[in-house]
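Okay, thanks for coming, everyone.

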Amino acid sequence: MTRVLGIETSCDETSAAVVDGAGDDVVLRSLVILSQDAHAVFGGVVPEIASRAHLTSIVPVVRRALEEASLGSDGLDAIAVTYTPGLVGALLVGVSYAKALAFATGRPLVPVHHLEGHLFAAALEHRDAIPPFTALLVSGGHTMVIDVAAWGDYRLLGATRDDAAGEAFDKVGKLLGLPYPGGRHVEALALQGVPGRYPFTRPMLRQNQRPGDADYFDVSFSGIKTAVLRAVEDGAHDAPADAAAGGGSASGQAQRHADIARGFQDAVIGTLVAKTARAARKYGRTRIVVGGGVACNRALAAALRREAAAFGATVFTPSPRLATDNAAMIARAGLFRLARGDVATLDLNAYATAGLPGLRAA
Ligand code: KG4
Ligand code: ZN
């Protein structure tokens, strides 16, 4: 059995975790996630604040993860760390700490691509969330549909042409006056909304779209964001068409916002589900794995399950703690990379962006 410490500091959570195992038989021994809440005040992550917060918390967070796993640093077999993509200043805190710990303990240093981590998250909880599968990666920074033939063998089928899915939720949250990050607030508000009152077009879904068309698997969310803005503004000026919604009163506006949230979420989910199902059908996959913060969205999971059932596929989503940024998925991906011999020397650097290892174009 191999014990790997994972460290994640790419954005605004400082996280450390220990996994223990071999191959796909892996147990999570500990997971500590410290979320920085200072950014909510600014309506977005402030890089300089994030770096400083990582600096103050990295030592106690790692210490706590080791304690919860009943280990000293000498009990580890390797140290895995997110080195890309993310905020460079934030990443550097984790990378520098991991390098120092690898040097002090003489253990291998394993660089992990953050998105590969998200692909591994569901496998920590579901034994069958292993390749081959179709992956839907939906986070604040990325939206991708990937065919995963094997761990480390990734085929990029589709991606967003502008905003990431989570980013779209966050921007719409802002337009609706909800706290940052908006994703889960939009989901909660959409529950109060009436379906169909704001039938936004599902982005990048045309009639007669064919495999091979450039937009067959791609998604785009900037247009719907503008449509939401217009709906919010129109509602603010006009008397609502639906008098039953309460006229121009405050409760009328609240209902309208809920209806808009519902319309937005339904359209985004409609697109994500359609593209993912296309990918699974094309490659004959019977498993669909969702990763990234938007995987917390229950309406998305439910819609994907309904669609997948139609062709006999099973959908795996990580629980919210493992869907959003965390070090357990980094340790899990690190275990895989270690077994492949993908270790780094102590001159490892952090990068704002870098290609996902093993990713090829469709
Ligand atoms: O994966 P993640 O923690 O960070 C990145 O790597 O980006 O994803 C964060 C994103 C945010 O945009 C957040 O609003 C979104 O995930 N999110 C949700 C939900 N929970 C988190 N979006 C929609 N519905 C949710 N329930
Ligand atoms: Zn992430």
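Let's begin at S70, which sits in the loop between α1 (47–68) and β4; helices here are DSSP runs of H or I with at least four residues, strands are E runs of at least two, and both are numbered from the N terminus. S70 isn't a glycine, yet its phi is positive, about 50°. Most residues other than glycine have a negative phi, and most peptide bonds are trans.

Before I go on, the housekeeping: this is a predicted model, where local features need pLDDT of at least 70 and side-chain atom pairs count only at pLDDT 80 or more, while totals for chains, interfaces and linings use all residues. Residues are numbered from 1 along each chain as its sequence is written, chains are lettered from A and ligands numbered from 1 in the order written, and side-chain values use heavy atoms, with hydrogens and water left out.

Back to the backbone. T84 and P85 are joined by a cis peptide bond, omega about -20°, and P85 is in the loop between β4 (78–84) and α2 (88–105). There's another cis bond from Y180 to P181, with omega near -10°; P181 falls in the loop between α4 and α5.

Now, the ligand. Which residues are closest to ligand 1? They're G140, D170, E187, G293 and N297, out of 19 that surround it, meaning a heavy atom within 4 Å. By class, that shell has four nonpolar, eleven polar and four charged residues, and keep in mind that Gly counts as polar here. α3 (114–121), α4 (165–175) and α5 (183–192) each supply at least two shell residues.

Taken alone, ligand 1 exposes 560 Å², and the protein buries 88% of that (Shrake-Rupley, 1.4 Å probe).
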